[in-house]
Amino acid sequence: MGRPITLFTGQWADMKLEDLAPLAKKMGYEGLEIACTANHFDMERIDKKGYLESRWEILADNGLNCFALSNHLVGQAVCDNIDERHKAILQDSIWGDGNPEGVRKRAAAEIVRTAKVCKKFMSMRPKGVAKSPIPPTVTGFTGSSIWQYVYSFPPVSKEMIDAGYADFAKRWIPILNEFDKVGVNFALEVHPTEIAFDIASAERALSAVKNHRRFGFNYDPSHFGYQGVNYVAFIRKFAKRIYHVHMKDVWWGHGSREAGVFGGHTDFTDPRRYWDFRSIGHGDINFEEIIVALNDIGYKGPLSVEWEDGRMDRIYGATESQQRVRSYDFPRSNIAFDSAFDRSNQ
């Protein structure tokens, strides 16, 4: 039996969960990584009697499971330099009057609340629904006060970068302590605009939070490939910190390359771009190498398809992606292949 193949619901937030769940089942998925959005897991309704139960009823009625909640958008606001972009992605209760520090503090409180809700929700798994192979997990972003300094000109001082990691630690260690109290992991999706966006910055982020046991990663190879980062090495480097896995493809070196790695202020799918997210199997990521590495580190959690491909119908793409992930996901051998030569085994 392979790992559970799940669908991340973030890119399907326009659909109600009761409509998405049967579609996900029809597309071949075994579960959902549920995003905390109004249509899927409304954080403003979780205290309403029967709401959490209704989420499980929808899942169970369609033969689906859930192993992780996502609150990427709120997490982004914890460390970011807040501006009008955040207003578009945050609930009114978190945006408030838009005062940046107020937004950051309310976002931090909401992430803590998400951990508590995640613990409660996962404990309500109905009888007959398979136990989770991973601890209760919240996937998400952290934001970053220093992303604007990623290209160091005018020259950025060491002190400015140090201050950014110190700010991250100051805001996230208290959050992680609250995660620890309820036994929930936080899995950062290492990603441009976050405090960690490659291997080097991920190492520094871990160090900043003093290797807090609740801080790990939602591994997603698509954010490494076009940067030129060794996406398989990331798995081996952080073997004990891979708390959740996204399966998403990307291609790079295509198009006319009039816009480079930084995107040239073009929209996704613009043929001038150097890179674009693609449906699984249509990009340049070597998923077999990823599965080998995940097998080597003993990762048994879900493989969650985050479907993003502006050139393909999403139902067609998500259906095909599930099939491709299942074909890649082979189990690790529990014997040495040459042990059969030993006469005692014959």
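Biologist: How many salt bridges does the structure hold?

Modeller: This is a predicted model, and the structure holds 25 salt bridges. As a general idea, side chains of opposite charge can pair when their charged atoms come close. One case is the pair Lys-158 and Asp-162, whose side chains meet at 2.8 Å, N to O.

Biologist: Why are Lys-158 and Asp-162 separated by about one helical turn?

Modeller: An α-helix has 3.6 residues a turn, so residues three or four places apart point the same way. Lys-158 and Asp-162 are four residues apart in helix α7, and they are therefore separated by about one helical turn. Of the two partners, Lys-158 is exposed, with a relative accessible area of 57%, whereas Asp-162 counts as partly exposed at 28%.

Biologist: Which distant parts of the chain does the pair of Lys-237 and Glu-203 link?

Modeller: The side chains of Lys-237 and Glu-203 meet in a salt bridge of 3.4 Å, N to O. The pair links helix α10 (residues 231-237), which holds Lys-237, with helix α8, which holds Glu-203, and the two residues are 34 residues apart. Lys-237 is partly exposed at 47% relative accessibility, and Glu-203 is partly exposed at 38%.

Biologist: Which residues have a positive phi although they are not glycine?

Modeller: Most residues other than glycine have a negative phi, and most peptide bonds are trans. Lys-210, however, has a positive phi of about 55°, and phi of His-265 is near 55°. Lys-210 lies in the loop between α8 (199-208) and β6 (215-219) and is exposed, with a relative accessible area of 66%. His-265 is found in the loop between β8 and β9, where it counts as exposed at 88% relative accessibility.

Biologist: Which residues does a cis peptide bond join?

Modeller: A cis peptide bond joins Phe-153 and Pro-154, with omega at about -5°, and Pro-154 lies in the loop between β4 and α7. Phe-153 is also part of a nonpolar patch on the surface, which it forms with Val-150, Tyr-151, Val-261 and Phe-262, and together these residues have about 610 Å² of accessible area. Val-150 is found in the loop between β4 (137-140) and α7 (158-182), and it counts as partly exposed at 38% relative accessibility.

Biologist: How many residues of helix α3 are buried?

Modeller: Helix α3 (residues 72-79) is mostly covered, since seven of its eight residues are buried; among them are His-72, Val-74 and Cys-79.

Biologist: What is the volume of the second largest pocket, and which residues lie nearest its centre?

Modeller: The second largest pocket has a volume of about 210 Å³. Its lining consists of 11 residues, of which Arg-3, Asn-295, Lys-300, Pro-331 and Arg-332 lie nearest its centre. By kind, the residues of this lining divide into four nonpolar, three polar and four charged.

Conventions:
Residues numbered from 1 in each chain as written. Predicted model: local features only at pLDDT ≥ 70, side-chain atom pairs only at ≥ 80, totals over all residues. Heavy atoms only, no water. 1 Å grid on protein atoms, 1.4 Å probe; cavity = no way out; pocket = protein on both sides within 12 Å on 5 of 7 lines; lining within 4 Å. Points joined across faces, edges and corners; volume = space filled by probe spheres on them. Nonpolar A, V, L, I, M, F, W, Y, C, P; charged D, E, K, R; others polar. Patch = residues over 30% accessible without salt bridge, like charges linked within 9 Å, V, L, I, M, F, W, Y side chains within 5 Å. Areas by Shrake-Rupley, 256 points an atom, 1.4 Å probe, with all protein chains shown as cover. Salt bridge = Lys/Arg side-chain N within 4 Å of Asp/Glu carboxyl O. Buried < 20%, exposed > 50% of the residue type's maximum accessible area, 1.4 Å probe, protein only.
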